[in-house]
Amino acid sequence: MPAITFHHENGTTDLIEAVAGTSVMRAAVTNGVDGIVGECGGQAMCATCHVYVREEYLDRLPTMSDDEEEMLEVTASPRDEERSRLGCQLKITSTLTEIAVDVPVTQVHP
Amino acid sequence: MTDNIVIIGGGQSGVQLADSLRTEGHTGAITLFASEAHLPYQRPPLSKDFISDQADASALPLRAQRFFEDRAVTFHPGVTVTTIDRDAKTVTASDGTTTVYSSLVFATGARNRTLSIEGSALAGIHYLRTVDDATLLRQELAGARRAVVVGAGFIGLEFAASARARGLDVTVLEFGPRPMGRVLSEPMSRYFTEAHTRSGIALRLGEGIASFAGDGGRVTTAIGTTGTEYPADLVLVGVGVIPNDELASACGVPCENGIIVDERLQSSDPNVFALGDCARYPHAQTGTMTRLESVQNATDQAKTLAKTLTGTPADYTSLAWFWSQQGSIKLQIAGITDGHTDSVLRGDIDGDKFSIYCFRDGTLVGVESVNSPADHMTARRLLSGAMPLSTAQLADASFDLKAYSKSLVPTAESV
């Protein structure tokens with residue numbers, strides 16, 4: 001079963017199994033992973049599912065759309081030029097069968 | 001003394017309140033009644049992704065199944081509260097149980113306004129609010145060729161764009177002179193009229209629905225107020241909502257197009273509160289009694305009320321914001337543009353990427369953005385900080401609004 005690993009700031013991890021077609025955001029929200037909000041329901045419009053993808057998975061990610069590119073400029077936690085993505089845009093596929101991400105400290109602007 | 005916060009309603013505001021009460025340290029009981037039998041889910045995708053032809057089969061939950069156990073919330077799915085006794089401080093539910101409360105919160109939401117005209121009970125005429133509505137609609141969409149949408153509001157146009165993207169012929173009937181006329185500025189309405197028309201949607205402005213005709217109990221034709229007949233395999237009606245305030249009204253809590261509450265979301269009964277779509281409250285920015293139907297309003301009111309109910313009374317003052325996705329157009333609105341007197345457009349309207357800044361008597365009151373999420377986030381900062389800004393500054397294309405917004409308000413990015 002494909003799996004997504006969420007690494008939290010405090011050192012804990014959540015390992016979530018996910019079927020193909022499931023996004024990192026949906027897997028997190030459905031399984032109650034802390035720190036992923038997904039307020040807009042996956043439209044790349046709220047930037048509350050921001051994640052830092054671990055380096056070993058970066059070459060397998062889908063291309064970034066203009067929408068995602070722009071949303072990553074307004075995340076609550078600072079953008080990492082290499083590793084920042086929106087979880088709603090990262091879907092489990094035949095080429096991306098597993099992924100590990102770090103969850104930002106906050107998703108919501110003060 | 002009982003320490004049990006009873007929440008009526010399992011939508012965005014009710015579930016967020018249960019969550020935030022624990023975050024704020026509430027140690028007493030929390031009881032949540034939800035009239036739908038499903039695990040609480042997000043409604044916004046139902047009129048967008050959920051009915052596209054590449055939809056994920058399941059609705060997106062608001063919280064995981066284990067949330068209710070983890071947060072010690074006594075959850076009653078598919079159970080409706082039928083009567084309330086405010087003297088005894090009890091609620092009686094459709095499963096026959098009676099529950100005592102210390103505080104009672106109405107998060108009862110709203111329901112669709114329905115048509116009662118000739119033919120309106122025919123099969124094939126749909127409304128969209130629940131996941132059951134959306135599932136049925138999605139099934140029927142698969143075999144439909146011609147759809148008629150009644151009402152050019154958010155729901156109607158989101159559906160129209162989805163149906164058009166699936167290749168259906170789509171006609172939208174709108175009684176008013178422009179689409180989303182209740183919430184959008186005139187130039188933004190005009191942009192949407194042109195964009196939807198370009199995509200092949202027939203937008204009939206100034207024409208309402210008169211009646212429906214059918215064959216074998218199923219709708220075949222929608223007849224507009226001009227007498228024009230529009231063939232239809234499927235009809236979607238999106239003509240607004242009615243707040244669910246009858247239960248509150250029945251136990252004597254004052255209501256008028258929603259449950260009347262104050263800045264702290266408290267009704268005239270100090271133990272009774274309301275929030276989300278069903279609540280009418282004094283709006284901090286506009287100063288008028290307001291009832292908003294949005295995820296932001298529901299979520300932020302819940303977070304605020306959780307503070308009040310855990311001993312740190314707080315007024316609700318959050319900035320309102322909204323979004324809609326119609327085909328490839330992402331619309332985001334920050335603030336309340338109602339009653340604005342002036343507007344400035346920035347960006348590239350021909351390239352479908354721009355924002356309209358709305359002013360009322362010289363003060364920025366709201367910003368509508370198309371395919372410009374960074375503009376929207378900047379607008380939220382500007383409006384929350386009540387930063388001084390003139391139409392002249394905005395009309396200057398070289399003025400760096402983003403840098404200006406960051407210069408005056410500390411944000412997570414700049415600290």
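How many bridges join β13(B) to strand β14 of chain B, and in which direction do the two strands run? In this predicted model, six bridges join the pair, and the strands run antiparallel; β14 covers residues 218-224 of chain B. Within this pairing, B:F212 has B:A222 of β14(B) as its bridge partner.

The two strands belong to an open sheet of three strands in chain B, ordered β13-β14-β15, with antiparallel pairing. Its edge strands, β13 (209-215) and β15 (229-231) of chain B, each pair on one side only. On average, neighbouring strands of this sheet are turned by 30° against each other, direction ignored. In general, strands of a sheet pair through backbone hydrogen bonds, either parallel or antiparallel.

The domain assignment divides chain B as follows.

| Domain of chain B | Residues |
|---|---|
| domain 1 | 4-47 + 60-111 + 242-309 |
| domain 2 | 114-239 |
| domain 3 | 328-408 |

Between domain 2 and domain 3 of chain B, the C-alpha centres lie 31 Å apart. Their contact takes six residues from domain 2 of chain B and 10 residues from domain 3 of chain B. On the side of domain 2 of chain B that touches domain 3 of chain B, there are five nonpolar residues, one polar residue and no charged residues.

As to confidence, chain B has a mean pLDDT of 93, and 97% of its residues reach 70 or more. Over residues 410-415 of chain B, however, the pLDDT is below 50; this stretch has 11 contacts in the model beyond near neighbours in sequence. For the complex, the predictor gives an ipTM of 0.85 and a pTM of 0.93.

Key:
Residues numbered from 1 in each chain as written. Chains lettered and ligands numbered in written order. Predicted model: local features only at pLDDT ≥ 70, side-chain atom pairs only at ≥ 80, totals over all residues. Pairing = 2+ DSSP bridges. Helix = DSSP H or I, 4+ residues; strand = E, 2+ residues; numbered from the N terminus. Axes fitted to C-alpha atoms, helices over the stretch in contact; angles between N-to-C directions. pLDDT = per-residue confidence, 0-100. Contact = placed C-beta atoms within 7 Å. Domains from an automatic or database assignment. Nonpolar A, V, L, I, M, F, W, Y, C, P; charged D, E, K, R; others polar.
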